[in-house]
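Open the model in your viewer and show the side chains. The tour below goes from one selection to the next.

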Amino acid sequence: SALFDFNDRVTLPGTLSKIDWRNPHIELVVDTKSGQEAQTWTLEGPAPSFFRARDINKSDFESALGKRVIAEASRARDGSRWGLLRVMTLPDGKVVSACPQNC
């Protein structure tokens, strides 16, 4: 990908603070900490239809708002706090994969 480095993965334990569920890509915002520094990460995922085809709905993410999640993402090549969502573990333990194949 021109935008994301698939070899530079980050794990982001934090709070899901925002969901933008629309085409062409969903966007999730996770607030986390690195040491004592608070960080806000924006994660891009596939289209809503990708998740619906896998029996994952907007309500799965909405129920996680304000709660602790663990996101894994491929970091943006520009080094910003932006990434391509790979996997997210929701508060109920449900693991949501944003990869078309096993990642």
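**A walk along the salt bridges**

Select E62, which is partly exposed, with a relative accessible area of 39%. Keep in mind that this is a predicted model. The side chains of E62 and K58 form a salt bridge, with N and O 3.8 Å apart. Both residues sit in helix α2, four residues apart, or about one turn of the helix. Side chains of opposite charge can pair when their charged atoms come close.

Next, select K94 and D60. Their side chains meet in a salt bridge of 3.5 Å, N to O. K94 is in the loop between β5 and β6 while D60 is in helix α2, so this pair ties together parts that are 34 residues apart in sequence. Is D60 buried or exposed? D60 counts as buried, because its relative accessibility is 19% and the cut-off for buried is under 20%. K94, at 30%, is partly exposed.

Stay on K94 and show its contacts. Leaving out residues up to four places away in sequence, K94 touches D55, I56, D60, M88 and T89.

Move to D55, one of those contacts. D55 lies in the loop between α1 (48-52) and α2 (58-62) and is exposed, at 59%. Its phi is positive, about 60°, although D55 is not a glycine.

Then select R22 and D20, which form another salt bridge, with the closest N and O atoms 2.7 Å apart. The whole structure has four salt bridges.

Finish at P24, in the loop between β1 (4-20) and β2 (27-34). The peptide bond from N23 to P24 is cis, with omega near 5°.

Conventions: Residues numbered from 1 in each chain as written. Predicted model: local features only at pLDDT ≥ 70, side-chain atom pairs only at ≥ 80, totals over all residues. Heavy atoms only, no water. Contact = heavy atoms within 4.5 Å. Helix = DSSP H or I, 4+ residues; strand = E, 2+ residues; numbered from the N terminus. Buried < 20%, exposed > 50% of the residue type's maximum accessible area, 1.4 Å probe, protein only.
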